[in-house]
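Student: Please show me the sequence and the structure. I would like to go through some side-chain contacts and then the strands.

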Amino acid sequence: MKTIFAALAIVSAQLAAAHYTLPDLIANGTVTPDWVYVRTTQNHYSNAPITDVNSTEFRCYELDMNTTPGQTSIATVEAGSTIGFKADNSFYHPGYFSAYMSPASPAANSPEAGTGKTWFKIWEDPPVFENGQLVFPSTSINEITFTIPKSLPSGQYLVRGEQIALHVASSVGGAQFYIGCAQLNVINGGEGKPGPLVFIPGVYTGYEPGILINIYNLPKDYPGYTSPGPAVWRG
């Protein structure tokens, strides 16, 4: 019996090591400590992904959707500055990266923030189609960074970093989503009008060609990777 429990413990540790979380906000030139500005996610121990794009938990995957926002601090950043997320492991699953933002009403640390059709994409990093195959340059990195559009109006926001891991995405529900939501107060902004706006959940169906895909056996007439979700708003 001890041998069985020991084997299960080893398998559990290996599964956790095979995945990752996004616990650290990168802002103002600094990598912040775990879960200070990023809402603690349900997988903060297991590192397991979320796969149901229709679940309410898909928005930010919080440990507790009601209490976690209020337990998370709000970082002040400038419009036009570089921010990002650092993972607790390398992003070695091949996949597609993106970042979304949403105005946060009544505040970034409120459970109600981001629950409407308020999300817009500000950045993406898709795989590259070369010589008949998809290439994923990001598998050797452990952080992603991007720029807050300079014309984004000042105010409180959620920023949501996401990787869609595609290594087992050949069947519906196979794509693995690794998510982190940080709470921001954006200052020195402009008068831009972000869009297109989407709901999260609701932004994906799970049947998009960039989500439901066998990256190891592409069709002969494959045209290249199609990014899921809305177009990027660059401000």
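Tutor: Glu124 is partly exposed, at a relative accessible area of 26%; buried means under 20%, exposed over 50% and partly exposed in between, with a 1.4 Å probe and protein chains only. This is a predicted model: local features need pLDDT of at least 70, side-chain atom pairs count only at pLDDT 80 or more, and totals for chains, interfaces and linings use all residues. Residues are numbered from 1 along each chain as its sequence is written, and side-chain values use heavy atoms, with hydrogens and water left out.

Student: Which side chain meets Glu124 in a salt bridge?

Tutor: A salt bridge is a side-chain nitrogen of Lys or Arg within 4 Å of a carboxyl oxygen of Asp or Glu. The N to O distance to Glu124 is 3.8 Å, and the partner is Lys121.

Student: How many residues apart in sequence are the parts that Glu62 and Arg39 tie together?

Tutor: Glu62 and Arg39 form a salt bridge, with the closest N and O atoms 2.7 Å apart. Both residues lie in the loop between β2 (30–31) and β3, so the pair ties together parts whose separation in sequence is 23 residues.

Student: Are Arg160 and Glu162 buried or exposed?

Tutor: Their side chains meet in a salt bridge at 2.7 Å, N to O. Both Arg160 and Glu162 are buried.

Student: How many salt bridges does a search of the whole structure find?

Tutor: Among them are Glu62 with Arg39 and Arg160 with Glu162. The search finds three.

How values were computed. Helices (H or I, at least four residues) and strands (E, at least two) are DSSP runs, numbered from the N terminus.
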